[in-house]
Amino acid sequence: MSDESTMLAPPRGMRDFYPPEMALRRRLFDVWHAAARRAGFEEYDACVVESLDLLKRKAGEEIVDQIYAFQDKSERWLALRPEMTPTLARMLAAREGSLTFPVKWYTIAQCFRYERMTRGRKREHYQWNLDIVGTDAVAAEAQVLGAAVNAMDALGLDARHYAVRFSSRALLGDLLASLGIAPAHHAPAFLALDKRGKIDDAAIERLLAAEGVDRDCTRRIFDLLSLDSLDAAAARLSADAPSLAGVRRFLEVAAAQGIGELLRFDLSVIRGLSYYTGIVFEAFDTAGKLRAIFGGGRYDRLLADVGGKPRSGVGLGFGDVVVAELLTDLALAGQAAGGADIEVGFMEPAQELPAIRAGAAWRREGKRVSVACHPEKAKVFFGRVSKSGAAEAVYIGPDDVAAGLLRVKNLATREQRDIPLRSVSD
Ligand code: HAM
């Protein structure tokens with residue numbers, strides 16, 4: 001690539017949004033906003049710059065290594081947020097005296113991670129976050145998932161296209177305990193096991209060995225991960241284990257919510273963030289070609305960890321990159337929305353003010369109108385607007401003004417209708 005073309009590209013991993021990409025992003029954001037509101041979530045936001053310390057405390061080593069950090073002129077360590085959840089925890093803890101829990105909050109946050117670039121992974125993405133904080137009830141898991149499924153429906157995606165794999169760290173913790181692994185080692189064990197498939201088993205064995213888990217035990221943990229049903233996992237636990245009851249209740253509530261058919265129990269879903277303590281889930285395309293579409297889970301201790309009261313929460317992050325790839329692969333991404341309903345052009349400077357007045361009048365009626373900025377030949381005008389996506393076009397020449405008529409042309413059917421210039425010139 002030449003130096004000049006390098007200068008014209010955005011920084012590696014960052015995106016420019018030209019109108020067609022922006023149209024898809026807008027559609028996605030509209031769907032996210034509508035689905036969140038339909039499910040009773042309130043919107044919040046925060047600055048993309050966060051204190052590095054807050055972000056580092058909880059994320060899990062992989063994300064910590066990916067943070068874009070910098071020092072400001074007062075030598076404070078700051079960072080571009082890699083995710084929204086620590087910021088959410090901070091905001092809730094800061095106002096917990098005046099908030100009514102449980103809160104149901106959502107946001108669309110731009111996030112930055114210095115990741116190795118692969119399909120579906122950029123160094124910047126927008127992430128729709130839905131969180132319910134202040135309840136232990138697994139109905140909250142079903143509600144955040146229900147809202148995400150609702151958004152997928154609105155995009156034309158259903159059980160043919162994706163499934164939600166889920167597990168429970170609490171359940172896996174009980175299974176680890178049944179192998180004699182002390183609770184203190186569970187969190188590091190989760191993060192090691194999450195790397196399965198990304199690094200080889202020998203490397204995972206070494207990570208677990210650092211937690212005092214011997215080789216034999218590691219083998220038994222790997223065996224656990226291949227238990228392929230909830231019943232098989234349940235057979236290893238006492239029938240009244242609360243973690244088991246939690247998962248069973250989740251399945252019941254999810255079925256009532258109408259999302260049961262999308263769920264697949266899968267103990268190998270662990271997730272890379274260290275704050276999760278309960279049910280965890282990730283949505284994948286059924287063709288198995290893409291990275292996770294969205295993911296989330298329950299966190300019991302995050303608010304207490306940032307200085308708030310211990311309150312349990314659950315939430316998910318749904319990025320814009322993978323879903324856009326899925327929509328494109330399935331030819332569901334749609335056409336870019338046109339910029340205007342009506343394009344207005346004129347032949348000579350003398351027709352500019354009538355053109356501007358007509359445009360202003362149609363805008364008052366709520367139409368999207370684009371008026372030319374200078375005179376142009378009819379051929380140039382119609383050549384230009386035929387590609388604009390507009391439904392109608394009006395070209396004003398001296399004869400039209402003299403006759404007091406505007407010719408509104410339907411660009412698809414080529415039909416014309418005349419309207420009095422007077423009707424749009426007051
Ligand atoms: P996460 O799994 O790290 O979770 O990210 C959630 C989603 O964001 C992913 O499933 C993916 O759609 C998108 N995503 C993440 N990283 C990238 C990337 N580099 N490029 C493109 N898309 C990406 C979290 O961030 C949690 N904070 C979610 C959460 C909210 N948990 C509870 N509340």
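Arg-271 is buried, with a relative accessible area of 11%. The model is a predicted one. Arg-271 sits in the loop that runs between β8 (263-265) and β9 (279-285). Its backbone carries a positive phi, near 80°, in a residue other than glycine. The side chain of Arg-271 has two polar partners to report. An N or O atom of this side chain lies 2.8 Å from an oxygen atom of the ligand. The side chain also makes a polar contact with the side chain of Glu-282, at 2.9 Å.

Glu-282 belongs to strand β9. Is Glu-282 buried or exposed? Its relative accessible area is 17%. Glu-282 is therefore classed as buried, the cut-off being under 20%. Its contacts were examined with neighbours within four places in sequence left aside.

A nitrogen atom of the ligand lies 2.8 Å from a polar side-chain atom of Asp-131. At Ile-293 the backbone takes part: one of its N or O atoms is 2.9 Å from an oxygen atom of the ligand. On its own, the ligand has 660 Å² of accessible area, and the protein covers 97% of this.

The shell around the ligand holds 25 residues. Those that come nearest are Glu-83, Thr-85, Glu-115, Lys-122 and Tyr-276. By class, nine shell residues are nonpolar and nine are polar. Seven are charged.

Two other backbone features were noted. Phe-101 and Pro-102 are joined by a cis peptide bond, with omega about 0°. Pro-102 is placed in the loop between α5 (85-94) and β5 (103-112). Arg-414 has a positive phi of about 70°, although it is not a glycine. This residue, Arg-414, lies in the loop between β15 (405-410) and β16 (416-420).

In outline, the side chain of Arg-271 reaches an oxygen atom of the ligand at 2.8 Å, and it pairs with the side chain of Glu-282 at 2.9 Å.

How values were computed:
Residues numbered from 1 in each chain as written. Heavy atoms only, no water. Near = heavy atom within 4 Å. Polar contact = N/O pair within 3.5 Å; in protein donor to acceptor, adjacent residues only side chain to side chain. Areas by Shrake-Rupley, 256 points an atom, 1.4 Å probe, with all protein chains shown as cover. Nonpolar A, V, L, I, M, F, W, Y, C, P; charged D, E, K, R; others polar. Helix = DSSP H or I, 4+ residues; strand = E, 2+ residues; numbered from the N terminus. Buried < 20%, exposed > 50% of the residue type's maximum accessible area, 1.4 Å probe, protein only. Contact = heavy atoms within 4.5 Å.
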